[in-house]
Amino acid sequence: MAVDFKNSVTKDNLMRAFAGESQARNRYTFAAAQARKENLPVIEAVFTYTANQEREHAEIFYNHLQQLSGSTIHIDGGYPVDLSDSISDLLRRAQHNEYEEAESVYTSFGDTAKEEGFLTVAGSFHMIAAIEKYHGDRFGRFAQYMEENRLFVSDVQTGWICLNCGYIYTGTKAPAKCPVCQHEQGYFIRLELSPFANL
């Protein structure tokens with residue numbers, strides 16, 4: 001059923017998604033700053049990396065509203081308050097929020113857009129839902145490492161890369177300090193989790 005865009009539920013859902021992504025970006029930026037204060041640059045990088053992707057999602061949703069430029073869209077919605085002194089708790093809350101977007105919010109928004117005849121918008125919602133699932137998986141993996149005190153320890157020999165200089169070390173534990181740039185252990189990440197690993 002074709003619906004006039006300015007009277008559509010999809011228009012409202014796009015603005016809700018824009019607001020949600022914008023808030024997620026800020027929450028992750030705040031969490032990154034907290035990780036930095038706790039000498040966990042690798043967790044800072046995870047939050048910042050994801051925050052930048054959330055900014056891109058916000059822009060995609062916002063650009064779908066182009067034909068309504070100059071107007072104001074009034075929406076309501078609920079958004080999480082994720083304040084905690086625990087980095088692993090912030091990771092778990094981020095995981096929960098990403099899964100919620102993936103499993104119910106964006107899937108539902110995409111289905112509605114499809115029903116209303118906005119197939120390009122539906123595609124954006126469904127594809128971004130899959131990305132949010134991946135974000136949730138990533139946050140969960142790092143939360144688990146922290147909860148098990150395994151962020152810098154492995155049961156098997158593995159590669160560790162310094163996010164500052166690129167030094168790669170192989171062992172069951174990341175070095176306490178990078179022998180090349182002298183940055184602390186918090187800069188090391190498992191090589192397979194490095195965003196640009198080429199293995």
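1. Phe142 is found in helix α4. Helices here are DSSP runs of H or I with at least four residues, numbered from the N terminus, and strands are E runs of at least two. Phe142 is buried, with a relative accessible area of 4%. Buried means under 20% relative accessible area, exposed over 50%, and partly exposed in between (1.4 Å probe, protein chains only).

2. A note on the source. This is a predicted model: local features need pLDDT of at least 70, side-chain atom pairs count only at pLDDT 80 or more, and totals for chains, interfaces and linings use all residues. Residues are numbered from 1 along each chain as its sequence is written, and side-chain values use heavy atoms, with hydrogens and water left out.

3. What does Phe142 touch, leaving aside its neighbours within four places in sequence? Phe142 is in contact with Val42, Ile43, Val46, Leu91, Leu151, Ile189 and Leu193. Contact means heavy atoms within 4.5 Å. Phe5, by C-alpha to C-alpha distance, lies 41 Å from Phe142, and 137 residues separate the two in sequence.

4. Helix α2 (residues 41–63) packs on helix α4 (residues 119–147) at an angle of about 170°, with the axes 12 Å apart. That makes α2 roughly antiparallel to α4. Axes are lines fitted to C-alpha atoms, for helices over the stretch in contact, and angles run from 0 to 180 degrees between N-to-C directions. Angles under 35 degrees count as roughly parallel, over 145 as roughly antiparallel, 65 to 115 as roughly perpendicular, and the rest as oblique.

5. Which residues form this contact? On the α2 side they include Val42, Ile43, Val46 and Phe47. On the α4 side they include Phe125, Ile128, Phe139 and Phe142. By class, the contact of α2 with α4 has 13 nonpolar, five polar and three charged residues. Ala, Val, Leu, Ile, Met, Phe, Trp, Tyr, Cys and Pro count as nonpolar, Asp, Glu, Lys and Arg as charged, and the others, Gly among them, as polar.

6. Helix α1 (residues 9–37) also packs on α2, at an angle of about 165°, with axes 8 Å apart. That makes α1 roughly antiparallel to α2. The contact of α1 with α2 divides into 14 nonpolar, five polar and six charged residues.

7. Now the whole chain. The protein chain has four helices and three strands, in the order α-α-α-α-β-β-β along the sequence. Its C-alpha atoms fill a box of roughly 60 × 35 × 30 Å, taken along the principal axes. Of its 199 residues, 46% count as buried.
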